[in-house]
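I set down here what I looked up, entry by entry, in the order in which I went through it.

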Amino acid sequence: MSVVEQTVKPYSREWLLSDRPQSRRQAKLGRAYVVWRRFGENRLALLGLVIILALLFVAAFAGVLAPHDPLQGDLRNARLLPPGAEGYLLGTDDQGRDILSRLLYGSRLTLLVVVLVAVIAAPVGLIVGTVSGYAGGWIDAVLMRITDIFLAFPKLVLALALVAALGPGIENAILAIAVTSWPPYARIARAETMTFRQSEFISAVQLMGASPFRIVMRHVMPLCLSSLIVRVTLDMAGIILTAAGLGFLGLGAQPPLPEWGAMIASGRRFILDQWWVAAMPGIAILIVSLGFNLLGDGLRDALDPKEAGQ
Amino acid sequence: MTPLLTVEDLRVSFPTRTGTVDAVRGVSFSLGRERLGIVGESGSGKSQTGRAIMGLTPNQADVRAKKLLFGDMDLLAMPPKERRLLRGKRLAMILQDPKYSLNPVMTIGLQIVETLKTHERISSKDARARVLQMLEAVQINDPERVFDLYPHEVSGGMGQRAMIAMMLVCGPDLLIADEPTSALDVTVQLEVLAILDKLVAERGMGLIFVSHDLRLVSTFCDRVLVMYAGRVVEELSSANLDQAQHPYTQGLLNCLPHIGSHRHPLPVLERQKEWAE
Amino acid sequence: MAPMDTSAVTRRPQRRVPAFASALMRFIVMAATTLLGLLAVTFFIGRVIPIDPALAIVGDRAPQHVVERIRLELGLDLPLYQQFWIYLKQVASGDFGTSVLTTNPVLTDILRVFPATIELATVGTIIGAVLGIPLGVLAAVKRGSIADQVVRVIGLVGYSVPIFWLGLLALVLFYAKLGWVAYPGRMDIVYEYTFTPTTGFYLVDAIWQGEWDVVRDLFRHIILPGALLGYFSLAYISRMTRSFMLNELSQEYIVAARAKGLSEARIIWFHALRNAAVPLVTVIALSYAGLLEGSVLTETIFAWPGLGLYITNSLQNADMNAVLGGTVVIGAVFVGINLLSDLLYRTLDPRTRSR
């Protein structure tokens with residue numbers, strides 16, 4: 001096609017970093033590559049990525065990786081064995097169940113919670129925020145008042161009250177956390193929308209006769225996505241902690257499900273003598289939420305160099 | 001007699017991710033109790049030269065010189081604490097924009113008092129009197145009131161006068177003024193310059209006036225250094241501005257319009273690689 | 001302001017008070033609508049979501065006539081908006097219903113337990129601010145150094161660790177194994193009979209009465225949950241302090257302060273921190289509000305007789321009135337703290353003061 005195509009091998013470093021991309025795809029890949037390089041320079045962020053990838057892997061292959069059944073224990077021979085006991089790397093709980101196997105299966109529940117909360121809360125926040133920011137006027141005023149009302153509630157307390165009304169269970173816990181999670185996303189999406197509502201390209205689309213619905217869906221929302229993704233990633237840790245807190249209070253996943261927070265609660269009775277029953281699930285929660293925090297931090301720095309290191 | 005300031009082969013460089021950037025590359029001059037202008041475009045190293053003399057270069061930067069003497073004191077060899085105590089007392093600097101260079105949450109009066117109290121053992125009452133006197137010296141009419149105002153409550157010209165008062169209250173020997181009027185309205189510029197002019201003359205200070213404005217500097221200073229890409233390309237006395245040899249200086253001079261002449265096309269400032277060598 | 005007028009100074013004194021008052025008014029209106037919305041949400045949770053709100057309040061073991069009485073009291077046969085109006089009137093007169101668990105009016109219960117939570121959250125915030133601000137300043141001043149990294153990791157772990165788990169482990173270590181702190185609870189049982197608190201803030205009361213034995217005992221009880229909450233507050237405060245300080249240290253007035261010959265210590269702790277303090281006030285207020293929330297789980301672990309424990313106990317016993325009453329109170333305190341931090345912000349920053 002052109003001289004550049006001949007001298008620069010496609011998908012090579014130079015091709016990706018080229019100032020004059022020849023195609024949309026090259027431009028997109030190039031941008032992604034730059035972000036990736038900035039991300040890669042941050043070792044802690046890479047560590048976070050590794051943790052999350054490991055979580056995905058474990059959740060996918062829990063059935064293969066787990067040495068024991070997570071729900072049925074060996075009550076006769078294997079109650080409250082310490083870590084390192086034969087066949088039980090992390091010990092067993094009061095029902096003779098292998099803690100490691102329960103943790104591995106529990107990763108599925110953790111992942112389920114964060115994914116479902118993100119899938120419910122992020123689009124709600126995105127829609128409320130973009131509509132509010134694009135429409136302005138009284139629509140904006142009303143939507144933002146509602147957002148502020150939900151922001152005024154402490155997350156955990158509102159989730160507690162909701163679960164109390166809905167009844168305990170993992171589905172209700174997810175719903176309750178989602179209800180408390182969307183307001184910040186709406187705020188962010190609105191702020192982003194406001195910055196380019198008056199910009200030329202939006203006017204151009206308006207002049208071409210696009211409906212407000214189309215403008216918001218096709219032109220405004222995609223631009224809000226990157227900051228929203230960063231915020232959702234940073235929130236994942238909080239979601240995990242809230243879910244674990246609900247589980248600990250007996251309001252989340254119900255026994256015998258191997259939910260990490262509930263596992264801590266059931267280990268609480270033995271904490272003085274069999275510390276591992278409560279300690280191990282806590283370590284799992286700590287590692288995973290640390291992973292999300294590191295990843296979110298790294299993403300933010302990579303996508304927004306202005307804020308880097310702040 | 002030893003000069004007030006001796007600078008020989010001053011170099012300032014900053015490490016960056018892509019290698020070191022040399023902001024100042026071998027600047028030499030000496031200064032008595034006179035007015036020296038340093039002129040250049042942005043990025044020419046003029047501001048960094050001033051900051052290096054003050055010792056205000058950021059930590060990560062590398063500052064070297066064969067000689068950097070204030071009187072007969074070696075600025076680079078002295079302990080940091082002694083050098084710090086010279087600042088504000090014997091060496092002072094005025095920054096560009098009072099909107100940013102005054103602490104927004106401290107009253108103007110207290111900011112000036114702070115300079116005094118750093119360098120002199122003085123009671124609060126005496127300090128206040130001295131500051132009010134100084135505010136009067138920079139032609140602020142009602143110093144008592146301005147003393148208690150916050151920086152955002154005064155105009156730019158007033159802020160810059162407060163800045164001058166803050167830096168001169170201890171009676172320094174050398175003042176570095178880094179674009180002191182660039183952020184001000186044109187009408188205020190001249191007043192602030194007049195105040196600066198008067199104080200420098202009365203107190204017999206040495207002055208280094210850093211600016212991008214060659215004409216302004218030449219009316220205000222005895223000598224002018226023209227900097228380009230971290231080097232001094234030409235040194236002129238203000239009286240002989242029209243005898244400038246270097247094409248860059250000539251370019252700077254040509255940028256100014258003359259009454260009665262039509263110029264088409266407008267001249268563009270030329271830059272050539274070899275000037276930077 | 002005309003540029004010619006060189007002595008021009010924006011007029012300050014007369015405008016100061018009205019601007020402040022109008023901001024206050026605006027904020028009070030906003031706070032009021034937020035509170036109304038808050039009540040709408042709790043009304044929705046308590047009266048609309050449950051299939052039978054009366055049963056949700058008295059529990060399903062209650063005799064039929066009690067359930068009927070509650071139905072009538074709530075006006076469940078009326079349309080929703082009338083029910084909401086009844087709810088609003090009740091709340092306005094301080095009536096959050098009766099707790100099934102304690103059989104007291106919910107408001108009485110809350111007023112009794114809330115001081116304990118306030119005391120705990122205050123101790124936590126003090127610990128968090130006293131340690132978090134210097135750590136944040138250190139991280140900003142030594143940006144990129146080992147110290148900066150350590151502060152960053154301390155903060156990230158604080159964001160990531162489940163508070164109830166850390167509390168359990170801390171109890172095992174500092175109470176069971178080392179014996180450094182007292183057992184869970186607010187004070188030793190012995191003192192329950194000898195010490196009569198007047199305000200409900202035991203530490204204040206004990207110091208006021210000069211009961212130093214009691215003060216020491218209270219301290220041994222509050223230090224561990226307080227330190228735990230303090231750690232979470234520290235994680236947030238140190239991170240924000242670092243960010244604010246980096247911003248301030250890059251400003252021109254810092255260069256000017258150096259040019260005046262000030263010491264680094266004075267530049268950092270006086271000039272930069274004084275400016276960073278303005279947004280920090282908001283952060284500390286937010287972290288205080290966050291600790292009220294964190295107290296729900298912490299109080300459960302440490303058997304701390306505060307609002308958090310009250311809410312979780314009520315939850316376990318399906319005592320809906322108590323749960324919703326507690327939720328409203330915590331929400332209202334959140335709104336109040338936001339109002340307060342906004343006002344503080346205005347008094348601390350001379351720029352907003354006169355605007």
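The entries below turn to one chain and then to its interface with a neighbour.

I note at the outset that this is a predicted model, in which local features need pLDDT of at least 70 and side-chain atom pairs count only at pLDDT 80 or more, while totals for chains, interfaces and linings use all residues. Residues are numbered from 1 along each chain as its sequence is written, chains are lettered from A in the order in which they are written, and side-chain values use heavy atoms, with hydrogens and water left out.

Chain C. I looked up the secondary structure and found 15 helices and zero strands, helices being DSSP runs of H or I with at least four residues and strands runs of E with at least two. Its C-alpha atoms fill a box of roughly 80 × 60 × 40 Å along the principal axes. Of the 355 residues in chain C, 51% are buried (under 20% relative accessible area, 1.4 Å probe, protein chains only).

Contacts. Among contacts in chain C (heavy atoms within 4.5 Å) with a separation of 6 or more, I noted that 71% join residues 24 or more positions apart.

Interface. I then found 44 residues of chain A in contact with 47 residues of chain C. The area buried between the two chains, A and C, is about 4,000 Å², with 73% from carbon and sulfur atoms; this is the accessible area (1.4 Å probe) lost on putting the parts together, summed over both.

Salt bridges. I counted two between chain A and chain C, taking a side-chain nitrogen of Lys or Arg within 4 Å of a carboxyl oxygen of Asp or Glu. One salt bridge pairs A:D297 with C:R152, at 3.4 Å from N to O.

Note on methods: Buried < 20%, exposed > 50% of the residue type's maximum accessible area, 1.4 Å probe, protein only.
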